[in-house]
Amino acid sequence: MGERNASRGPTLYRHAAIGLCCLDTELRFLDINEWLAGRSDLSVEEHLGKAVEDVWPGVASEFKNALHQVIATGEPLKDRQTAFGSGLQSAGDALYDYSAT
């Protein structure tokens, strides 16, 4: 997740009006903000340690492949889109923009 300014970083991260999360190399949640956690039936705390596909069963394979590419190469991906299917509340088969570093 990188270092955050101790006085304001955690608050900005937690309450940002966009979805933010940090995953380990097995794509398990290390952290997630309230906005993104609110898109599933789980609290922030309930996400921690769970695999992305366990929380969002409809997550697109190209999204997981892109994250594994970032892990393997260390090169960030920017301005991508993926479908999450029914894994996110109120998403239906919506497309979501994402970047991964």
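Which glycine with a positive phi follows α5? The residue is Gly-74, whose phi is near 75°.

**The model and its confidence**

This is a predicted model, in which local features need a pLDDT of at least 70 and side-chain atom pairs count only at pLDDT 80 or more, while totals for chains, interfaces and linings use all residues. Residues are numbered from 1 along each chain as its sequence is written, and side-chain values use heavy atoms, with hydrogens and water left out.

The pLDDT is the predictor's confidence in each residue, on a scale from 0 to 100. Its average over the chain is 80, and 79% of the residues score at least 70. Residues 1–8 have a pLDDT below 50, and this stretch has 8 contacts in the model beyond near neighbours in sequence. A contact means heavy atoms within 4.5 Å. Where pLDDT is low, the predicted coordinates should not be read in detail.

**Overall make-up**

The chain contains 5 helices and 4 strands. Helices (H or I, at least four residues) and strands (E, at least two) are DSSP runs, numbered from the N terminus. Starting at the N terminus, the order of the elements is α-β-β-α-α-α-α-β-β.

Of the 101 residues in the chain, 35% are buried. Buried means under 20% relative accessible area, exposed means over 50%, and partly exposed lies in between (1.4 Å probe, protein chains only). The chain exposes about 6,300 Å², and carbon and sulfur atoms supply 49% of this area. Accessible areas come from the Shrake-Rupley method with a 1.4 Å probe; for residues, only the protein chains shown count as cover. Among the contacts in the chain with a separation of 6 or more, 29% are between residues 24 or more positions apart.

**Helix α5**

Helix α5 covers residues 61–73, which is 13 residues. From its first C-alpha to its last it reaches 18 Å, close to the 18 Å expected at 1.5 Å a residue. The expected span is 1.5 Å times one less than the number of residues in the helix.

Which residues of α5 are buried? They are Phe-63, Ala-66, Leu-67 and Val-70. Seen down the axis of α5, the buried residues fall within an arc of 95°, so they line one face of the helix. The arc is that of the directions from the helix axis to the C-beta atoms. An α-helix has 3.6 residues a turn, so residues three or four places apart point the same way. The face of α5 turned away from its buried side carries the exposed residues Asn-65 and Ala-72.

**The loop between β1 and β2**

Leu-27 lies in the loop between β1 (21–23) and β2 (29–32). At 6% relative accessibility, Leu-27 is buried. Not counting residues up to four places away in sequence, Leu-27 touches Lys-50, Ala-51, Val-52, Lys-64, Leu-67, His-68 and Ile-71. One of these, Leu-67, is also among the buried residues of α5.

Thr-25 lies in this loop between β1 and β2 too. With residues up to four places away left out, Thr-25 touches His-68 and Ile-71.

| Pair | Separation in sequence | C-alpha to C-alpha distance |
|---|---|---|
| Leu-27 and Ala-51 | 24 residues | 5.6 Å |
| Thr-25 and Ala-72 | 47 residues | 9.2 Å |
| Cys-22 and Asn-33 | 11 residues | 9.2 Å |

Leu-27 has a positive phi near 60°, although it is a residue other than glycine. Asp-79 is not a glycine either, and its phi is positive at about 55°. Asp-79 lies in strand β3 (residues 77–83). Is Asp-79 buried or exposed? It counts as exposed, because its relative accessibility is 73%.

**Cysteines**

A disulfide is a pair of cysteine sulfur atoms within 2.5 Å. By this rule the count is 0 disulfides. Cys-21 is in no disulfide, and the nearest cysteine sulfur, that of Cys-22, is 7.5 Å away. For Cys-22, the closest cysteine sulfur is the one in Cys-21, and 7.5 Å is too far for a bond. Cys-22 is found in strand β1 and is buried at 15% relative accessibility. Cys-21 is partly exposed, with a relative accessible area of 36%.
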